[in-house]
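Please consult the sequence and the structure as you read.

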Amino acid sequence: MRSWFKWGLPLAVVVLLGAAGGGVLLAENVYPRALTQQNSQASQLAGWVKSPIGIVYTPDAAASPDLPGVRSLLDSHFSSINERNYDRWKSTVVPEKWQELPKDKWFDNYGTTRDFGWTVHRIDQGADGSLLVMLTFMSEQALEDAPPQLQATCVAWNVVYPLVLDDAGRSFRLDTSKLPNSALLDYCNH
């Protein structure tokens with residue numbers, strides 16, 4: 001039994017020291033990478049921006065220098081639709097659009113609409129100081145108020161909205177006549 005203590009105890013100490021040293025090396029070489037990856041993911045999430053009404057901007061869209069004006073316009077536009085506020089809606093679109101949709105026709109088209117689940121994916125520069133805003137969102141509405149190209153009570157929209165400067169050159173307005181057929185529609189998945 002004494003001979004086991006002579007060789008067994010030192011061997012056990014060496015094995016334990018080796019395991020402890022290996023654990024330290026593992027912690028130094030593997031865990032910092034995992035923490036760096038977690039910090040990188042957290043900083044990517046930190047690049048996402050959410051507007052007061054809940055419009056989400058991806059890091060790419062949030063990096064646009066035009067974000068404040070776009071955010072203000074889209075918040076006003078979508079909240080005016082959801083709140084059935086025609087006069088505020090008029091302030092978000094070019095005059096040609098509200099001439100095309102006078103108040104009674106606007107209420108016929110949007111009277112039951114509720115837009116939600118917005119994500120702005122990109123904000124790109126267009127011609128003549130304009131912008132192109134690529135976004136997705138969903139709308140719920142009565143079947144009779146659904147878009148003619150997709151008769152559904154819930155529509156998933158994938159759109160490119162052109163934004164142009166108003167006549168004074170101070171703020172943006174939606175100009176959906178600039179890019180006809182720039183919307184892809186599908187049934188909601190929720």
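A residue is called buried when its relative accessible area is under 20%, exposed when over 50%, and partly exposed in between (1.4 Å probe, protein chains only). Helices (H or I, at least four residues) and strands (E, at least two) are DSSP runs, numbered from the N terminus. This is a predicted model, in which local features need pLDDT of at least 70 and side-chain atom pairs count only at pLDDT 80 or more, while totals for chains, interfaces and linings use all residues. Residues are numbered from 1 along each chain as its sequence is written, and side-chain values use heavy atoms, with hydrogens and water left out.

Q: In what pattern do the helices and strands follow one another along the sequence of the protein?
A: The secondary structure comes to 7 helices and 7 strands. Read along the sequence, these elements give the pattern α-α-β-β-α-α-α-α-α-β-β-β-β-β.

Q: What percentage of the residues in the protein is buried?
A: The protein exposes about 11700 Å² (Shrake-Rupley method, 1.4 Å probe; for residues, only the protein chains shown count as cover). Carbon and sulfur atoms supply 58% of that area. Of the 190 residues in the protein, the buried share is 33%.

Q: What span does helix H4 reach from its first C-alpha to its last?
A: Helix H4 covers residues 67-82 and has 16 residues. The expected span of a helix is 1.5 Å times one less than its number of residues. For H4 the expected value is 22 Å, and the span in the model is close to it, at 22 Å.

Q: Which residues of H4 are buried?
A: Ser-76 is found in this helix, and it is counted as buried because its relative accessible area is 18%. The complete buried set in H4 is Leu-67, Val-70, Leu-73, Leu-74, Asp-75, Ser-76, His-77, Phe-78, Ser-79, Ser-80 and Ile-81.

Q: Is Thr-92 buried or exposed?
A: Thr-92 lies in the loop between helix H5 (86-90) and helix H6 (95-100). Its relative accessibility is 1%, so Thr-92 counts as buried.

Q: With which side chain does the side chain of Thr-92 make a polar contact?
A: Contact means heavy atoms within 4.5 Å. Leaving aside neighbours within four places in sequence, Thr-92 is in contact with Leu-73, Ser-76, His-77, Arg-173 and Leu-174. A polar contact is a pair of N or O atoms within 3.5 Å; within protein, one must be able to donate a hydrogen and the other to accept it, and residues adjacent in sequence count only if both atoms are side-chain atoms. The side chain of Thr-92 makes such a contact, at 2.9 Å, with that of His-77.

Q: How are the rings of Trp-106 and Tyr-110 arranged: stacked, edge-to-face or tilted?
A: Rings of Phe, Tyr and Trp (its six-membered ring) pair if their centres lie within 6.5 Å; planes under 30 degrees apart count as stacked, over 60 as edge-to-face and the rest as tilted. By this rule the count comes to 9 aromatic pairs. For Trp-106 and Tyr-110 the centres are 5.4 Å apart and the planes are at 40 degrees, so the pair is tilted.

Q: Why are Trp-106 and Tyr-110 separated by about one helical turn?
A: An α-helix has 3.6 residues a turn, so residues three or four places apart point the same way. Trp-106 is buried at 0% relative accessible area, whereas Tyr-110 is partly exposed at 22%. Both belong to helix H7 (residues 103-110), and the separation is about one turn because they are 4 residues apart.

Q: Which residue lies over the face of Trp-98?
A: A charge sits over a ring if NZ of Lys or CZ of Arg is within 6 Å of the ring centre and within 35 degrees of the ring normal. Arg-114 lies over the face of Phe-116, at 4.3 Å from the ring centre. Over the face of Trp-98, at 4.2 Å from the ring centre, lies Lys-90.

Q: What is the phi of Asp-128, found in the loop between E3 and strand E4?
A: Most residues other than glycine have a negative phi, and most peptide bonds are trans. Asp-128 counts as exposed because its relative accessibility is 82%. Although it is not a glycine, Asp-128 has a positive phi of about 55 degrees.
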